[in-house]
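Please read the points below with the model open beside you. They are numbered so that each can be checked separately.

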Amino acid sequence: MSGLEHVTPGILCVLIFAGWLLYRELSRVKQGYVHFIRRIPGVDALESAVGRCAEQGRPVVFTTALTDVGPTLYACLGVLHSIARRVAQYKLKLLIPQYTPEAMALVEDTVRDAYREAGRSSSFDPESIKFLSSEQFAFASGYMGLMHREKAGAAFMFGAFAAEALVLAEAGQQVGARQVAASVSPEQVAFFICTCDYTLIGEELFGSSAYLSREPVQVATLAAQDRLKLLCLGFIVIGVLLATIQPWAPRVASIMPDRLLSSDWGAISW
Amino acid sequence: MGGRRIIYLLMIFAVAAPIIVGFSQRPSRLQSAERMYEVVESVRIEPGEVALVWLDFGPNTTAENEPQATVLLEHLFRRRIPVILLSQYQQSERFLESIPRKVAKRLEREMPGQHWRYGEAWINGGFRPGSGIFIQSMVSAPDLTKFLGRDVQGMPLTHYPNFASLGGVERVKLVGEITGLVGVFDNIIQFLQKDGYRPTIVHGCTSITIPEAYIFLDSGQLKGLLEGIAGAAWYSEVIKRAYPESDNKKLLVTNTSLGLAHLVLILLIVFGNVAPLMKKFRRGDG
Amino acid sequence: MVAQDVNDARKKLIRVFTFLGGIYFFLHFLLPESAVSYLGWRANHEAISNGFIVVGAMALGLGIFNIVRDHGARCVFKRSGWFNSLALLLGLSSMLFVTTGQWINGQKNSSDVRRVRLTGEFASRILSDAERPPQDRAVPPLSARITALLGHQRAQASAIEGEIAVSLGPDAPASAPMLIGEVKSKLDALDQDMSEIARVPWEALGPQQKALLERVAQNATKLASAYSLIKQANHSRTRIHKLYTFLYDGLFNQLGSAMFALLGVYIGAAAYRAFRVRSLESGLMMATAVLVMLGQISLGESQAARAGVSLQDIRQWLLEVPNSAAFRAIRLGAGVAGLMLAIRMWLSIESTSFSSRER
């Protein structure tokens, strides 16, 4: 199979379709259409976890771990905004240990915004956002120390995690914190399931922001991505059927979706 | 808390015991490691063609990735395939220097009279920042020798005959990626390709990322896989079949301690399930 | 009103820069190869990419600034735990100091080796210019260049002798005699060539002169390689390098490895505490985990084989079929979500819930 350095006609069609989907959903939502978002138990647990901290007078910890500035971080910031607003309302302490220096400005902006929305701008403490380290396990050990010193009541781990995931989650377990984790790294999901109270898997992280805020742009994005996933599902089903009938109808079966998508411009007879 | 400490001690004992005693067992046969051996064995190199090996691991995952890098380089060196070593991770720089020298030394001891010299058998291109962007640039470059410029010692690549006229990335016949980092391997799969060229990629991963690597192995994007220490151990056994003087005792000992730790984990799982039942049973009796 | 206009202008500017920041790579992917080459992007792709990499590296200062600000304030105002902050700042500054020293030494060593290599490069350049005189620039006479070459080599020879003297210090490593021998033999070979060059006339380039220059180019390269090894060996005996090795290999690497090793004991604790069979699904998950673990180790392999079961094949099937299916689904979902969010970010379709600037 040839490599893919530039877009092929098939992929261009998918990209245009993706853009059109986003535009369509944004228009629909602006016109007042309300999308149904199914219940995500882990996201519902966020509020109860913060409430528990209010009862116990313990701080809340939120971390985006190894997430670089990008789509994943933006999804995490949506959740952070919601949590920060609750924390501000309950007058709790919020701690946000950071791994990536570039993300700190965005995180600070988000939290400040949330406090302002809750009417508690004066309570916002920029020092709650602490840069620990850009080295994976130095970050993990700093996080462990923070959890043990502060005796956090709730820990929210959203974003991209690597091997330190179990260390972070175990630290929360040891202090008895209520933990909700959401990882785009599928291999860490297993560790979170063992150690956290709730785990969001894969794109539930991206959906959680829309679920919490019900903000039109986020809901529209969620709807668009779900429809694009349906298209991918369609390709998979078609591909499976064609691969299945291949022994009996090889010519029909040769029109496989992956070949259609990866054929370059030269393969098209104009 | 006391119970947790007992578990910790048990795990430490399980890992340490084979290392202290020097006990080793034959490793488990892993098809992915065998496939990787066959792939590396079947690579045919013309003059001016090279293998590109990325060592993208730091001290954290040395335990798993260093043996993998060692066995892969040993096999490439035995086959006299020139290797360019690079890294997308700054903490790998020590390993880029130490691992090939260790392998070369061991091979020279095993085969007196034969030499594996820096500049002939391998060069160290060092850490290259930019990850995906760097790889995209590398793929676009018409001449890799000019693109990579100098090695880590500051010597231009033109001074090394095996690497002096590489041409485009098509001259890279094999790409090896040894890493425990998330996202780094994705850069290789996504960006190290161009129209009309897709390299043969082999990968050494930590046990945590094995499930994810299998997606690429199954789809054919990856041709061989070393699954943690177990993969490296079986790979070294396969090398030993072809080259009986090869020494892999230390690796087998490490793999055996891993096996023992696995058994302890299984026992802990069983005990964790049985103990509450026994407690309930006793309470029921009382 | 003026503040509002400024705010609006600022927002527009941010949108424009965000869009421009993403447009290059998007177009590079979108356009076919012929268009990319026609626009000259193929030739300049490396330089443009390096620009992006440099911008990304600027963020390094952000983290250092934050640490110094936060922990410095804690130390100055003697807040609770200030001694921990002091330890952190001391660690940061010592590592920065040592790494900077290491880097400076490394640069110096590289430039010293480069100067030795220049002898060979210069000889090659003299040869190529004499054989094919360049049209775009004036070239000094051959004899003048040879005089410059001889002068340069003399300077390098004394530098090399100085380095050899350092290698013979009291704490010389065991490999020092071998390294010194290598350098001396290469230096002697080059000195012989230079002596011959000094004797031979250089009014014109004949076969003897050509052969001499080629030999100088080769021997200078070999000398540079041997010299770099002796420089490295000497550098490893310097105080700064020893301090760097202590801090990096002795502390940083070992601490990192120890932290990673914690995973092993933590998974043991998690296995006992959390891997409970409470339902059919958890039972299936447990059985799968046990089979995969058993398939990865050889302990129990022969017993299973006697029972007609291949644990490796079971493990292989579990990883290739159900595991791959699940991971593919998760990655597909995350990938699609990432694509949509990336489009939104690029086009600055901002969510108002975490940016109140729109209000």
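1. In chain A, 71% of the contacts with a separation of 6 or more are between residues 24 or more positions apart. Two residues are in contact if their C-beta atoms, placed from the backbone, lie within 7 Å. For chain C, 68% of the contacts between residues at least 6 apart in sequence join residues at least 24 apart.

2. A word on the basis of these values. This is a predicted model, in which local features need pLDDT of at least 70 and side-chain atom pairs count only at pLDDT 80 or more, while totals for chains, interfaces and linings use all residues. Residues are numbered from 1 along each chain as its sequence is written, and chains are lettered from A and ligands numbered from 1 in the order in which they are written.

3. Chain A has 11 helices and 6 strands. Helices (H or I, at least four residues) and strands (E, at least two) are DSSP runs, numbered from the N terminus. The C-alpha atoms of chain A fill a box of roughly 70 × 45 × 30 Å along the principal axes. Of the 270 residues in chain A, 51% are buried. A residue is buried if 20 or more other C-beta atoms lie within 10 Å of its own, exposed if 12 or fewer, and partly exposed in between, with C-beta atoms placed from the backbone.

4. The strands of chain A form an open sheet of 6 strands in the order E3-E2-E1-E4-E5-E6, with parallel pairing. Two strands pair if DSSP finds at least two bridges between them. Strand E3 (129–131) and strand E6 (198–201) of chain A are the edge strands, each pairing on one side only. On average, neighbouring strands of this sheet are turned by 15° against each other, direction ignored. Strand E5 (residues 178–183) of chain A pairs with E6(A) in the parallel sense over 4 bridges, and A:Ala181 stands opposite A:Thr199 in E6(A).

5. Which strands does H3(A) lie across? They are strand E1 (60–65), strand E2 (94–98) and strand E4 (154–160) of chain A, and H3(A) runs at about 160° to E4(A). Helix H8 (residues 204–213) of chain A lies across E4, E5 and E6 of chain A, at about 105° to E6(A). For these angles, axes are lines fitted to C-alpha atoms, for helices over the stretch in contact, and angles run from 0 to 180 degrees between N-to-C directions.

6. Chain B also has an open sheet of 6 strands, with parallel pairing and the order E3-E2-E1-E4-E5-E6. Its edge strands are strand E3 (122–127) and strand E6 (224–227) of chain B. The twist averages 15° from one strand to the next. Strand E5 (residues 200–205) of chain B runs parallel to E6(B) and is joined to E6(B) by 4 bridges; B:Gly204 stands opposite B:Leu226 in E6(B). Helix H4 (residues 93–110) of chain B lies across strand E1 (50–56), strand E2 (83–87) and E3 of chain B, at about 170° to E3(B).

7. The largest nonpolar core has 191 residues, and those with the most contacts inside it are A:Val60, A:Ile83 and B:Val83. Helix H3 (residues 71–90) of chain A gives the most to this core, with 11 residues. A nonpolar core is a set of buried Ala, Val, Leu, Ile, Met, Phe, Trp, Tyr and Cys residues joined through C-beta atoms within 7 Å. Leaving aside neighbours within four places in sequence, the contacts of B:Val83 include B:Val50, B:Leu73 and B:Trp122.

8. Chain C has 12 helices and 0 strands. Its radius of gyration, taken over C-alpha atoms, is 33 Å, whereas a compact globule of 359 residues would have one near 21 Å; the globule rule is 2.2 Å times the number of residues to the power 0.38. Buried residues make up 24% of chain C.

9. Where chains C and B meet, 46 residues of chain C are in contact with 49 residues of chain B. H9(C) gives the most to the side of chain C that touches chain B, with 12 residues.
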